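Please keep the sequence and the structure in view while working through the points.

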Amino acid sequence: MAESTGKDGRGVIPVVDDPITAPRPDSQVVSDFSAHPLSLGAELLAWGYSTWELCARLGVNAFDQPDVEEAKALTRAELARRGGGGASPATLTPEALRRAAPPGDYLAILAYLPPTPDIAARLQAVRAAWARDLGCATTLGFGPRYLHSTGQLHKGGPNTGLFLVVTADDAEDADIPEMGTTFGRLERAQARGDVGALVARGRRVAHVHLRRAEEVSGLAVC
């Protein structure tokens with residue numbers, strides 16, 4: 001992750017965690033607070049300039065995300081299907097995904113699961129196990145929120161990623177007012193849409209659907 005204080009001109013400070021030696025929940029603990037009512041605006045401005053500066057140095061357009069838009073289109077198509085059904089595109093098994101990891105590639109765990117401390121800890125344990133087994137860099141993102149950030153890199157960047165997409169049956173669900181669907185159905189459509197976009201780009205993808213989110217611990221060994 002990257003953090004910017006926006007206070008003393010230090011800009012963006014990259015912070016990289018090791019899932020083996022530094023397991024922790026997905027959310028960072030915040031210990032720096034401000035009572036000034038304009039502090040949030042200052043942070044947003046600092047992040048905007050930091051994003052511009054980094055992208056200028058990298059030679060990329062931070063707001064050009066064509067592959068993210070494709071995933072959205074596939075999500076809408078999934079929702080348009082009667083009952084929200086339809087199978088996900090053909091993907092690898094977790095075992096085949098493990099075997100498809102040459103040196104220099106990375107693993108991204110894309111979890112459409114509740115981002116609770118317990119589930120985050122279970123996912124970090126899975127991440128650590130895969131990191132030890134594959135000897136490669138790993139990332140963990142909760143869907144659908146990663147789609148607008150690393151989601152573009154996954155599909156538009158170099159084909160060096162292995163993607164383990166994890167979904168589960170909903171413990172509970174609720175209607176989305178005036179949309180004729182539910183939050184659970186929308187999330188499943190987003191997951192299938194992203195898998196479809198990854199497969200269309202020739203990415204190596206394994207999609208695992210669980211009955212319960214807690215069963216994710218079983219993916220540490222396959």
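The points below are grouped by topic. The model is predicted. A search of the whole structure finds 2 aromatic pairs, and the largest nonpolar core has 23 residues.

**Helix α1**

- Helix α1 covers residues 39–58, and its 20 residues should span 28 Å at 1.5 Å a residue; the C-alpha atoms at its ends are 28 Å apart, which agrees.
- Ala46, Ser50 and Cys55 are buried residues of α1. Because they cover an arc of only 160 degrees around the axis, they lie on the same side of α1.
- An α-helix has 3.6 residues a turn, so residues three or four places apart point the same way.
- Leu44, Leu45, Tyr49 and Trp52 are exposed, on the face of α1 turned away from its buried side.

**Aromatic pairs and a charge over a ring**

- Of the 2 aromatic pairs in the whole structure, one joins Tyr106 and Phe163: their ring centres are 6.1 Å apart and their planes stand at 90 degrees, so the pair is edge-to-face, an angle over 60 degrees being required for that label.
- This pair links distant parts of the chain, since Tyr106 belongs to strand β3 (residues 106–112) and Phe163 to strand β5 (residues 161–168), 57 residues apart. Both Tyr106 and Phe163 are buried.
- Tyr112 and Tyr146 also form an edge-to-face aromatic pair, with 5.9 Å from centre to centre and 75 degrees between the planes.
- Here too distant parts of the chain are linked: Tyr112 is in strand β3 and Tyr146 is in the loop between β4 (137–142) and α5 (150–156), 34 residues apart. Both Tyr112 and Tyr146 are buried.
- Arg98 lies over the face of Trp130, at 4.0 Å from the ring centre.

**Backbone features in loops**

- Most residues other than glycine have a negative phi, and most peptide bonds are trans.
- The peptide bond from Gly143 to Pro144 is cis, and its omega is near 0 degrees. Pro144 is placed in the loop between β4 and α5.
- Glu178, a residue other than glycine, has a positive phi near 65 degrees. Glu178 is located in the loop between β6 (175–176) and β7 (181–182).
- Is Glu178 buried or exposed? Glu178 counts as exposed because its relative accessibility is 86%, and the cut-off for exposed is over 50%.

- Gln190 is part of helix α6 (residues 183–200). Its relative accessible area is 18%, so Gln190 is buried, the limit being under 20%.
- Apart from neighbours within four places in sequence, Gln190 is in contact with Thr75, Tyr112 and Pro144.

**Nonpolar cores**

- Which residues have the most contacts inside the largest nonpolar core? They are Leu107, Leu113, Leu123 and Leu164, in a core of 23 residues.
- Two or more residues of this core come from each of β3, α4 (117–134), β4, β5 and β8 (204–210). Helix α4 gives the largest share, 5 residues.
- When residues up to four places away in sequence are not counted, Leu164 touches several residues, including Leu97, Leu107, Ile109, Trp130, Val208 and Leu219.
- A second, separate core has 12 residues, among them Tyr112, Tyr146, Val165 and Leu198.

Note on methods: Residues numbered from 1 in each chain as written. Predicted model: local features only at pLDDT ≥ 70, side-chain atom pairs only at ≥ 80, totals over all residues. Heavy atoms only, no water. Helix = DSSP H or I, 4+ residues; strand = E, 2+ residues; numbered from the N terminus. Expected span 1.5 Å × (residues − 1). Buried < 20%, exposed > 50% of the residue type's maximum accessible area, 1.4 Å probe, protein only. Arc of directions from axis to C-beta. Phe/Tyr/Trp six-rings, centres within 6.5 Å; stacked < 30°, edge-to-face > 60°. Lys NZ or Arg CZ within 6 Å of the ring centre and 35° of its normal. Contact = heavy atoms within 4.5 Å. Core = buried A, V, L, I, M, F, W, Y, C linked by side-chain atoms within 4.5 Å.
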